[in-house]
Amino acid sequence: MHLKKILLLLIHLLVFHSSFSQSGINGLFEQLKKERFFPKQEEIANQLYDSLELSLKDLPAHEVLSLIDPEYSDHIRVLNSTCDDGEHSRQLSVVVLVHPNYFKQVYFSDATSLDEKSSYAEEFYPVIQWIGNDGSLRSKKLYARKDEKAPGSEYTFSSYRGTKSDFYEIHKLPAGNSELYLLTGIIPSDQMPALLSFFVLEIKDDELNFDYLAFEGMSPLLQCTIYDNTSPDAYFNYFGYDRKKHRIYFKNLKREETVTVNKDVYRSSFKILNPEKDIEIQLEFDGAGFQKIN
């Protein structure tokens with residue numbers, strides 16, 4: 001048994017150093033920069049995504065960033081937050097891998113393609129890092145997709161956990177004995193709409209639960225479409241989060257904009273929270289989850 005543990009440790013070290021050494025990570029970024037076609041582009045991005053998750057189990061986020069050449073630093077975004085509610089204090093970091101999707105052109109972007117003529121949408125691959133109760137570093141991808149047969153069906157569907165969002169805020173929720181966090185994020189679209197994401201995760205026994213039914217008792221994920229291309233960040237005019245009241249609010253919604261909660265992990269059906277085309281909507285956290293309020 002002792003020998004087995006040593007062998008597993010050696011394998012882990014070999015995989016880590018080969019996948020996320022300084023030369024290795026920068027080499028992958030260089031490939032990603034040159035590759036403009038799927039599926040190869042996506043394969044390279046997924047290799048980087050795997051390497052990020054693995055490396056964040058061994059190194060703090062800032063040390064992982066130090067392995068990346070400044071030339072590629074715009075491919076990584078980091079969100080740090082210490083969430084303290086008086087009883088629990090935990091350092092969380094979300095590291096987001098960003099790369100241009102050369103299939104999708106955008107209206108608004110500071111980045112240009114290799115030919116310096118077109119700008120393209122970005123893809124986001126987020127990983128969360130947290131410190132366990134024993135002081136060790138832990139990490140997990142915030143997005144996963146796999147093909148599986150739905151219960152009672154002979155057909156194969158894609159199931160999803162989490163979301164491919166560019167997260168920019170972390171809020172600790174007052175959930176009693178549960179440890180819940182609200183992550184807010186954006187997925188700027190290729191043209192329109194932008195997709196706003198609100199995702200609740202639970203840390204339980206030092207593990208992440210991506211299946212906490214936080215919104216309307218149905219899903220950990222709430223989303224809203226925003227059709228506005230008047231400026232690159234126009235979508236910020238349509239939503240917000242009240243930290244004191246623990247409320248998510250939407251305002252100035254137009255007729256075609258919807259706030260939705262998925263009903264299953266296959267995201268094949270969903271509940272629309274503004275079926276009457278409300279201009280404003282609010283959801284309040286009641287200690288267990290977010291519910292729409294009048």
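## Around K140

In this predicted model, K140 makes contact with E53, V127, I128, W130, L208 and F210, leaving aside residues up to four places away in sequence. K140 sits in strand β4, which covers residues 137-141.

## Helix α3

E53, on the K140 contact list, belongs to the buried set in α3. That set also has Q41, I44, A45, L48, Y49, S51, L52, L54 and S55.

As for the helix itself, α3 runs over residues 40-55, 16 residues in total. From first C-alpha to last it reaches 23 Å, close to the 22 Å you'd expect at 1.5 Å a residue.

Which residues touch the most other members of the largest nonpolar core? Out of its 29 residues, they are F215, L222, F250 and F290. The elements giving two or more residues to this core are β8 (180-187), β9 (194-204), β11 (221-226), β12 (239-242), β13 (247-250), β14 (259-262) and β16 (281-285). β9 provides the largest share, with four residues.

Take L222: not counting residues up to four places away in sequence, L222 touches L196, S197, F198, F215, I248, F250, V259, T260, V261, L273 and L283.

There's also a second, separate core of 22 residues, with F29, L52, L97 and V127 among them. Two of these names have come up already: L52 is buried in α3, and V127 touches K140.

Note on methods: Residues numbered from 1 in each chain as written. Predicted model: local features only at pLDDT ≥ 70, side-chain atom pairs only at ≥ 80, totals over all residues. Heavy atoms only, no water. Expected span 1.5 Å × (residues − 1). Buried < 20%, exposed > 50% of the residue type's maximum accessible area, 1.4 Å probe, protein only. Core = buried A, V, L, I, M, F, W, Y, C linked by side-chain atoms within 4.5 Å. Contact = heavy atoms within 4.5 Å.
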